[in-house]
Each structure stands twice: as C-alpha cells, then as structure tokens.
Amino acid sequence: YSKSLKILSDKFITISEEYHKKFEKSSYDCLELVKDLKEKYINKFKLKEEKEPSPICKEYCDFERKNVEAGIPQGLSGCLACYWVYDEIGRYMYANQTKDENIYKIWMEDYSGSSSKSLIKYLEICNEYAAKDKEVEKMMTKIYKKAVQFEYDFWDDACKK
C-alpha cells in the first residue's frame with residue numbers, strides 16, 4: 001500500500017505540490033506504521049518467521065499498483081478502500097473491544113487514531129477528480145467497489161486463518 005501511495009504521490013509532482021506532499025507523507029507514515037506494528041507483534045508474540053503475503057493480499061496489492069500506474073483518478077479510487085476501511089474497522093474495533101488482553105489491541109490503537117481528518121481530505125481529492133467528468137466518476141466508482149471487495153476478501157481470508 002505504501003508503494004502505491006508513493007507512486008500516486010509522484011504523479012502529483014507537476015500537478016499539485018500540496019497533493020504530492022500529502023501522498024508522499026501518507027506513504028511514509030503508512031510504511032512507518034506497518035514497521036512499528038510488525039516490530040510490536042514480533043516482540044509481543046516472539047515471532048521469528050516471515051510470512052509470505054496471502055494470495056488475496058498479493059492480488060489486492062497488484063490491483064492497487066495497476067491502478068496507480070494507470071492514472072491519478074484510478075489510483076485515488078483504487079487506494080481509497082484500504083484507507084477508509086482500515087479507518088472504519090480500527091475505530092469500530094477499538095470502541096467495541098471487551099477484553100483487556102485482546103491480541104489485536106496494538107493494531108486497534110494504531111488504526112483508531114486521528115486519521116479521520118486525513119481521510120476527509122482524501123475524499124475531497126477523490127471528489128474533485130470525480131466531478132470533472134461523469135465517465136471518470138463511473139470509472140472511479142467501479143474501481144472503488146472492486147477495491148472494497150478486495151478489502152472484504154482480505155479480511156475474510158485473515159479471519160479464516
């Protein structure tokens with residue numbers, strides 16, 4: 001996901017310095033968050049082995065990358081689902097947790113933070129691009145729906161393991 005955001009950021013270099021910086025920062029923050037989470041879980045559970053991404057995770061990452069390489073509207077809509085779904089799930093799980101020793105507590109604490117303000121800005125950028133043309137809006141909606149399905153499949157796969 002971080003790589004896809006970086007590619008998207010690079011597409012904004014000559015179009016919008018503000019958006020370029022926003023997505024560059026999002027890419028960096030995402031990478032740092034994942035590295036931090038990984039370290040916390042490795043330490044907490046004394047994990048040693050690296051796992052390969054699941055087939056659905058790999059397919060989803062390929063889908064995101066394909067879309068960001070295709071163009072800004074495609075990239076925005078292809079990456080939005082991950083951003084939005086993680087925000088919603090993180091906040092929901094954190095607000096509704098019932099156990100002090102929930103194994104997902106570290107994840108929930110990191111994903112239930114103050115990302116909503118950033119999400120609102122992301123949605124504004126998506127709406128800006130979608131408003132330019134009805135066909136672009138339809139294409140972005142189609143890509144977003146596919147990305148949401150990938151999110152569902154990703155979470156469903158993770159819950160089955």
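Which exposed residues does the face of α3 turned away from its buried side carry? The close-ups below start there. The model is predicted, so local features need pLDDT of at least 70 and side-chain atom pairs count only at pLDDT 80 or more, while totals for chains, interfaces and linings use all residues. Residues are numbered from 1 along each chain as its sequence is written, and side-chain values use heavy atoms, leaving out hydrogens and water.

**View 1. Helix α3 and its two faces.** The answer is Pro-55 and Lys-66; exposed means over 50% relative accessible area, buried means under 20%, and partly exposed is in between (1.4 Å probe, protein chains only). Helices here are DSSP runs of H or I with at least four residues, numbered from the N terminus. On the buried side of α3 you'll find Ile-56, Tyr-60, Phe-63, Glu-64, Asn-67 and Val-68. They cover an arc of only 125° around the axis, so they sit on the same side of α3; the arc is that of the directions from the helix axis to the C-beta atoms. Among what covers these buried residues are α1 (2–11), α4 (72–96) and α7 (134–160), going by contact, meaning heavy atoms within 4.5 Å.

View 2. Side chains of opposite charge can pair when their charged atoms come close. The count here is 14 salt bridges, each a side-chain nitrogen of Lys or Arg within 4 Å of a carboxyl oxygen of Asp or Glu. Lys-121 makes one with Glu-18, and their closest N and O atoms are 3.2 Å apart. This pair ties together distant parts of the chain: Lys-121 belongs to α6 (residues 116–130) and Glu-18 to α2 (residues 17–45), 103 residues apart. Lys-121 is partly exposed at 25% relative accessible area, and so is Glu-18 at 47%.

**View 3. Salt bridges within a helix.** In α2, Glu-32 and Lys-35 are three residues apart, about one turn of the helix. Their salt bridge has its closest N and O atoms 3.2 Å apart. Over in α4, Arg-91 and Glu-88 are also separated by about one helical turn, being three residues apart, and their closest N and O atoms are 3.0 Å apart. Elsewhere, salt bridges join Lys-6, Asp-10 and Glu-24 in a network.

View 4. How many aromatic pairs does a search of the whole structure find? It finds eleven; rings of Phe, Tyr and Trp (its six-membered ring) pair if their centres lie within 6.5 Å, with planes under 30 degrees apart called stacked, over 60 edge-to-face and the rest tilted. Tyr-41 and Phe-45 are stacked because their planes are at 5°, with ring centres 5.8 Å apart. Both lie in α2, four residues apart. Tyr-41 is buried at 17% relative accessibility, whereas Phe-45 is partly exposed at 38%.

**View 5. A ring cluster and charges over rings.** Phe-12, Tyr-19, Phe-23, Tyr-83, Tyr-122 and Tyr-129 are linked by ring pairs into a cluster. Lys-22 lies over the face of Phe-23, 5.3 Å from the ring centre, and Lys-132 lies over that of Tyr-129, at 4.0 Å. A charge sits over a ring if NZ of Lys or CZ of Arg is within 6 Å of the ring centre and within 35 degrees of the ring normal.
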